[in-house]
2 protein chains.
Amino acid sequence: MKILAISGSLRAASINSALLRTVRQLAPAGIEIDLFQGLGELPLFNPDLEANIPATVEDFQRKVAAADALLIASPEYAHGVTGSIKNALDWLVSYEPFVSKTVVVLNASARAQHADASLRETLRTMSANIIESASVCIPLLGKDVDEYGMIRSQSSAEAIVKMLANLNEAMTLLQTSEQAVFPLR
Amino acid sequence: MKILAISGSLRAASINSALLRTVRQLAPAGIEIDLFQGLGELPLFNPDLEANIPATVEDFQRKVAAADALLIASPEYAHGVTGSIKNALDWLVSYEPFVSKTVVVLNASARAQHADASLRETLRTMSANIIESASVCIPLLGKDVDEYGMIRSQSSAEAIVKMLANLNEAMTLLQTSEQAVFPLR
């Protein structure tokens with residue numbers, strides 16, 4: 001199972017990026033997590049460019065299409081989503097392979113309710129398939145995370161392992177149901 | 001009175017940009033409206049760059065500081081703000097001259113309620129002073145606006161003139177109250 005992990009912050013010491021690195025470290029065999037590094041290289045979305053997609057956008061879109069699921073962790077800036085994560089999603093709004101894409105939304109701060117709600121509203125509007133059982137809040141403070149993204153708190157590590165188990169279960173169910181339905185079409 | 005107008009869309013045929021061009025054309029003497037052209041040149045916000053602000057960001061911040069008010073018109077993408085307008089605001093969150101900045105938020109579509117609400121929530125969180133009497137919805141369709149941004153519909157032109165009158169009144173009141181309070185400090 002291939003998962004594309006996207007952090008909505010470009011800060012080197014981002015807690016959300018650290019969370020995703022830790023998720024990768026704790027992922028069980030069978031779940032391969034690719035940390036997307038190109039968010040900061042995407043140009044600002046301009047519908048006029050959609051006829052002639054920039055190379056960095058094309059690379060991003062191809063990675064999204066190839067992933068079985070997206071895993072998004074993004075901070076809240078001034079009670080809103082980050083411009084960077086919304087800009088990336090703006091490039092996917094008219095990208096047909098995104099429709100019905102499985103998405104998990106992680107929230108690293110219990111106070112960041114506005115950005116989390118806005119992100120989910122946008123993803124639903126884009127016809128994403130949000131896995132609610134895995135889209136959880138794993139509250140982290142700076143002291144809980146070191147520069148390599150290792151989670152020091154046992155409760156956070158346990159929450160990540162549980163999130164991954166729920167994601168795995170949901171993805172397996174989805175794949176089974178797709179296989180079961182296919183011959184009936 | 002100097003107003004910096006910011007369109008949240010980079011599309012050449014943007015209705016929001018056309019709306020702002022028309023506002024400039026209809027502005028009475030004493031209201032000077034500068035259409036900000038650099039939104040698409042702002043890099044994606046990265047807190048690590050705040051110690052060494054890029055030149056395009058510095059130019060944007062200087063224009064914001066010099067303006068008596070900001071006039072924002074921005075479309076809704078997938079029930080959210082555009083990544084471009086939020087990215088611009090992200091660069092102002094820690095910019096001290098933005099605090100208490102007078103802001104007008106125009107909405108060119110009666111259906112775009114999510115983006116309008118998110119934008120206002122973010123601006124309030126950034127301690128902007130939103131002028132409600134001028135922050136109105138002026139619903140436009142493509143057929144109402146030509147490529148030069150002239151509003152063809154009389155009702156839209158009237159709504160713009162009324163918005164400008166309300167903005168003028170609010171700004172005059174603000175300036176008067178600032179002058180009146182000053183000697184008492």
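In what order do the five strands of the open sheet in chain B stand? I started my notebook with that one, keeping in mind that this is a predicted model.

**Entry 1, the sheet.** I read the order as S2-S1-S3-S4-S5 in chain B, and the pairing is parallel. For the edges I noted strand S2 (32–35) and strand S5 (129–130) of chain B, each of which pairs on one side only. I then followed strand S1 (residues 2–7) of chain B, which runs parallel to S2(B) and is joined to S2(B) by four bridges. Along that pair I found B:Ala5 opposite B:Leu35 of S2(B).

**Entry 2, a helix over the sheet.** I looked up helix H1 (residues 15–26) of chain B next. Helix H1 lies across S1, S2, strand S3 (69–73) and strand S4 (102–106) of chain B. I wrote down about 160 degrees for the angle at which H1 runs to S1(B).

I superposed chain A on chain B with a rotation of 180 degrees and 0.0 Å of shift along the axis, and the RMSD is 0.0 Å. The copies are thus related as by a two-fold rotation axis. Both use the same surface, since 100% of the contact residues of chain A recur in chain B. Which residue of chain A comes closest to the rotation axis? I found A:Gly83, with its C-alpha at 2.3 Å.

I have 28 residues of chain A in contact with 28 residues of chain B. On the chain A side, helix H3 (83–90) and helix H4 (113–125) each supply at least two residues. H3(A) gives the most, with six residues. By class, I listed 11 nonpolar, 12 polar and five charged residues on that side of chain A.

How values were computed
Residues are numbered from 1 along each chain as its sequence is written. Chains are lettered from A and ligands numbered from 1 in the order in which they are written. This is a predicted model: local features need pLDDT of at least 70, side-chain atom pairs count only at pLDDT 80 or more; totals for chains, interfaces and linings use all residues. Copies are superposed by least squares on the C-alpha atoms of residues with pLDDT of at least 70 in both. Two residues are in contact if their C-beta atoms, placed from the backbone, lie within 7 Å. Ala, Val, Leu, Ile, Met, Phe, Trp, Tyr, Cys and Pro count as nonpolar, Asp, Glu, Lys and Arg as charged, and the others, Gly among them, as polar. Two strands pair if DSSP finds at least two bridges between them. Axes are lines fitted to C-alpha atoms, for helices over the stretch in contact, and angles run from 0 to 180 degrees between N-to-C directions.
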